[in-house]
Amino acid sequence: SEFKFIDAAEAERALRDKLEPEIARLSCKVSQLNGAREAAAASAKEADERSREVAYLKRVGEESARRLREVEEAANRRIDAVEKSTAGLRRALAERRRLL
């Protein structure tokens with residue numbers, strides 16, 4: 001009975017000695033994987049922030065382009081109006097000179 005207890009303790013010690021390096025290796029691997037998981041989560045968060053920033057900048061760019069088109073169209077309308085006015089004034093001046 002006493003020998004069975006000693007044999008069991010020796011078997012347990014032998015098993016522990018055999019498995020401890022593997023347990024240490026696996027523990028190290030778990031630690032590395034946890035670090036990689038945290039890095040992946042941080043990268044995903046940063047990618048999400050960058051994608052939101054890109055979407056915002058795209059909207060700002062589109063809005064700026066729309067405003068620029070509106071300003072160009074308004075400027076072109078003013079130019080057309082000034083050209084028509086100038087042409088009318090030239091005709092009126094020519095008519096006035098003809099009448100004098």
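Q: Why does Leu 19 count as partly exposed?
A: Leu 19 has 38% relative accessibility, so it counts as partly exposed. The cut-offs are under 20% relative accessible area for buried, over 50% for exposed, and partly exposed in between (1.4 Å probe, protein chains only).

Q: What kind of model is this?
A: This is a predicted model, where local features need pLDDT of at least 70, side-chain atom pairs count only at pLDDT 80 or more, and totals for chains, interfaces and linings use all residues. Residues are numbered from 1 along each chain as its sequence is written, and side-chain values use heavy atoms, with hydrogens and water left out.

Q: Where is the place of Leu 19?
A: Leu 19 sits in helix H1, residues 2-99. A helix here is a DSSP run of H or I with at least four residues; a strand is a run of E with at least two; both are numbered from the N terminus. By that count the protein has one helix and zero strands.

Q: What makes Leu 15, Leu 19 and Ile 23 a patch?
A: These three form a nonpolar patch on the surface, with about 280 Å² of accessible area together. Patch members need over 30% relative accessible area and no salt bridge; nonpolar side chains (Val, Leu, Ile, Met, Phe, Trp, Tyr) are joined within 5 Å, like charges within 9 Å. Areas come from the Shrake-Rupley method with a 1.4 Å probe; for residues, only the protein chains shown count as cover.

Q: Why does Val 71 count as exposed?
A: Its relative accessibility is 54%, so Val 71 counts as exposed. Val 71 also lies in helix H1. Its C-alpha atom is separated by 25 Å from that of Val 54, 17 residues apart along the chain.

Q: How do you know how the protein compares with a compact globule?
A: Compare the radius of gyration. The protein has 42 Å, but a compact globule of 100 residues would have a value near 13 Å. The radius is taken over C-alpha atoms, and the globule rule is 2.2 Å times the number of residues to the power 0.38. The C-alpha atoms fill a box of roughly 145 × 15 × 5 Å along the principal axes.

Q: How much of the protein counts as buried?
A: Of the 100 residues, 1% count as buried. The protein exposes about 9,400 Å², and carbon and sulfur atoms supply 58% of that area.

Q: What makes the contact of Arg 16 and Glu 12 a salt bridge?
A: The N to O distance is 2.7 Å. A salt bridge needs a side-chain nitrogen of Lys or Arg within 4 Å of a carboxyl oxygen of Asp or Glu, so the pair qualifies. The two residues are four apart in helix H1, so about one helical turn separates them. Arg 16 counts as partly exposed at 43% relative accessibility, and Glu 12 likewise at 46%.

Q: What distance do the side chains of Arg 50 and Glu 46 show?
A: They meet in a salt bridge at 3.8 Å, N to O. Being four residues apart in helix H1, they are separated by about one helical turn. Arg 50 is partly exposed at 44%, and Glu 46 is partly exposed at 43%.

Q: Why does Arg 52 count as exposed?
A: Arg 52 has 57% relative accessibility, so it counts as exposed. Asp 48 counts as partly exposed at 35%. The two form a salt bridge, with the closest N and O atoms 3.0 Å apart.

Q: How many salt bridges does a search of the whole structure find?
A: The search finds nine. Glu 63, Arg 66, Arg 67 and Glu 70 are linked in a network of salt bridges.
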